[in-house]
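Please look at the sequence and the structure before reading on.

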Amino acid sequence: MRLLIVEDDAPLASGLQRILEAEGHAVDVTPRGEEAVLAASQEKFDLVILDIGLPQMDGFEVLRRLRAGGPGRGPMPVLVLTARDAVDDRVRGLDLGADDYMVKPFAMPELTARVRALLRRSQSHGGPRIAHGPLQLDTVARRAFLKGEALELAARVEKIVSKEAIIQAVAGWGDDLSPNAIEVYVSRLRSKLEPAGIRIRTVRGFGYMLEEYK
């Protein structure tokens, strides 16, 4: 999953990024609300962690603009983080479309649990698990199972997925992930899956797709 942290407290933002990346997420960070709105209009994020006390454009205005949305963009969970614990502030945040609200200071294990819950909820329309023959992918827990056994995969896949789409989904702004690197990851993935009859087909000029399981 790809997450966006909007937080101007640099040590806190860095700590959140490190912990969430350790859980297997691609994480981007910005301290400015204007940059967050622009990024969300151009790229797809699975969840936004949003501070309220931002310089210039505050978190409430960011939230309002995110919820104004744009054509072709589905709902994106927003977890609000703030030092403001007044009831009126919590009500305003929720009314503007926040999915959850945490007051600083907070415990990191609780935050990561809330992130997982929000991601699970956002995936619930199709279920967080995708089954393809003996292969099962848990898109929230980021686990793969082959014939019921846990499959160890790098954190870095019935439609064609381009290399660019894979990079967009798994790489943050600071990651240097090239199309050639995607080929290497797909090759490694094939070596793990093909013994069980799961095949990834290269569609030249388009990308990759899972072949029908037989």
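Leaving aside its neighbours within four places in sequence, with which residues is Ala13 in contact? Ala13 is in contact with Ile5, Glu7 and Val29, where contact means heavy atoms within 4.5 Å. The model is predicted: local features need pLDDT of at least 70, side-chain atom pairs count only at pLDDT 80 or more, and totals for chains, interfaces and linings use all residues. Residues are numbered from 1 along each chain as its sequence is written, and side-chain values use heavy atoms, with hydrogens and water left out.

- Ala13 belongs to helix H1 (residues 10-22); helices (H or I, at least four residues) and strands (E, at least two) are DSSP runs, numbered from the N terminus.
- Ala13 counts as buried because its relative accessibility is 3%, and buried means under 20% relative accessible area with a 1.4 Å probe, protein chains only.
- From C-alpha to C-alpha, Ala13 lies 9.8 Å from Asp28 in space, while the two are 15 residues apart in sequence.

**The five-stranded sheet**

- Five strands form an open sheet in the order S2-S1-S3-S4-S5, with parallel pairing; two strands pair if DSSP finds at least two bridges between them.
- Strand S2 (26-30) and strand S5 (100-103) stand at the edges with a single partner strand each, so one side of each has no neighbour in the sheet.
- From one strand to the next, the twist averages 15°.
- Strand S1 (residues 2-6) runs parallel to S2 and is joined to S2 by five bridges, with Leu4 opposite Asp28.
- Helix H5 (residues 108-122) lies across S1, strand S3 (47-51), strand S4 (78-82) and S5, and runs at about 175° to S5; axes are lines fitted to C-alpha atoms, for helices over the stretch in contact, and angles run from 0 to 180 degrees between N-to-C directions.

**Helices H2 and H3**

- The axes of H2 (residues 33-42) and H3 (residues 59-68) come within 9 Å and cross at roughly 10°.
- H2 and H3 are therefore roughly parallel to each other, a term for angles under 35 degrees.
- Gly33, Ala36, Val37 and Ala40 in H2 meet Val62, Arg65 and Leu66 in H3.

**The hairpin**

- Strands S10 (residues 200-203) and S11 (residues 207-210) run antiparallel and are joined by four bridges, with Thr202 opposite Tyr208.
- Three residues lie between S10 and S11 in this hairpin, and Gly205 in the turn has a positive phi of about 85°.

Key: Angles under 35 degrees count as roughly parallel, over 145 as roughly antiparallel, 65 to 115 as roughly perpendicular and the rest as oblique. Buried means under 20% relative accessible area, exposed over 50%, partly exposed in between (1.4 Å probe, protein chains only).
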